[in-house]
Amino acid sequence: MAFKLGYSTLRWKNPDLEPALEALKAAGWEGWEGRLPLDWLGPPARLRRICENTGMPMVVFTASGSPDSRDREHVERNKRRMDYAAEMEVDCFMFMSGRKPEGRPVNEDDLRAAAEGAEAWAEYAAQYDLEVSYHIHTNTLVDSIEDWRFYMDQLDRAKLCIDVSHAQLWGYDPVASIRDFREQLNYVHLQDYTSTSRDEDGQYLPVWCGVGEGTDIDFPGIGKALEEIGFARWVTACPGQPVPGAEDPLREVAHSRRTYAYLRGIGY
């Protein structure tokens, strides 16, 4: 196999970026998924310099909020993030769906409207040959196997990031989902949990852990499925539950060494 392995900096808040990326490089990771605000990252020239100094490219950049919202200011802010992603020559621009409507179930009109927003973002990004990638996630507008399938059927330019943990939480075997959505798949998230439950409102309540530390998700099988479909894009690992007193990036990266060793050890 030997995939390109990235690390998601989803928990990083206002980091001293250069030493944090140096630590990621030393831990073995080949690239990173950025989520920080533009005013912290600074101009692309600055970030490119940091990435070059550390040998750690930013390979995916994320939205701020969801394309479900068509508010003009919100859309413009995310266009600037797509402009930035294009300047950084990332592999794709990732987004999630937004909140569910209050007081009623999600319906097909909600999903169609959300998909229209995603397609509008994808059309804007296309001027840069930049792909956008919808990240599946529990407890958002798209929150079941049926709604996921319906939503994906509405997309053309917008592609897909399968987070294997959220597929598993929905009861969709990640191996099967990778095969089923192979034509739309352009990014993969690896995340794991030790246990899960649901509250009275149906919210999923997983207890996150490092990749490979849980028992529900077949990571070797996922790797084989990705190899089977010829997947050659980025595979990114997410951190587990924050460790009290060790939430800073450098100590989080130290914990990530176990994840990296696990993934390479099973053929990633």
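Is Asp110 buried or exposed, judged by its relative accessibility? At 16% relative accessibility, Asp110 counts as buried, where buried means under 20% relative accessible area, exposed over 50% and partly exposed in between, with a 1.4 Å probe and protein chains only.

The model is predicted, so local features need pLDDT of at least 70 and side-chain atom pairs count only at pLDDT 80 or more, whereas totals for chains, interfaces and linings use all residues. Residues are numbered from 1 along each chain as its sequence is written, and side-chain values use heavy atoms, with hydrogens and water left out.

The structure holds 16 salt bridges, a salt bridge being a side-chain nitrogen of Lys or Arg within 4 Å of a carboxyl oxygen of Asp or Glu. The table gives some of these pairs.

| Salt bridge | Closest N and O atoms |
|---|---|
| Glu76 and Arg80 | 2.9 Å |
| Asp110 and Arg104 | 2.8 Å |
| Arg258 and Glu213 | 3.4 Å |

Arg258 lies in helix 10 (residues 249-265) and Glu213 in the loop between strand 9 (207-209) and helix 9 (219-228), so their pair ties together parts that are 45 residues apart in sequence; helices (H or I, at least four residues) and strands (E, at least two) are DSSP runs, numbered from the N terminus. Arg258 is exposed, with a relative accessible area of 58%, while Glu213 is partly exposed at 39% relative accessibility.

Glu76 and Arg80, by contrast, both lie in helix 4 (residues 72-87), four residues apart, or about one turn of the helix. Glu76, Lys79, Arg80 and Asp83 are linked in a network of salt bridges.
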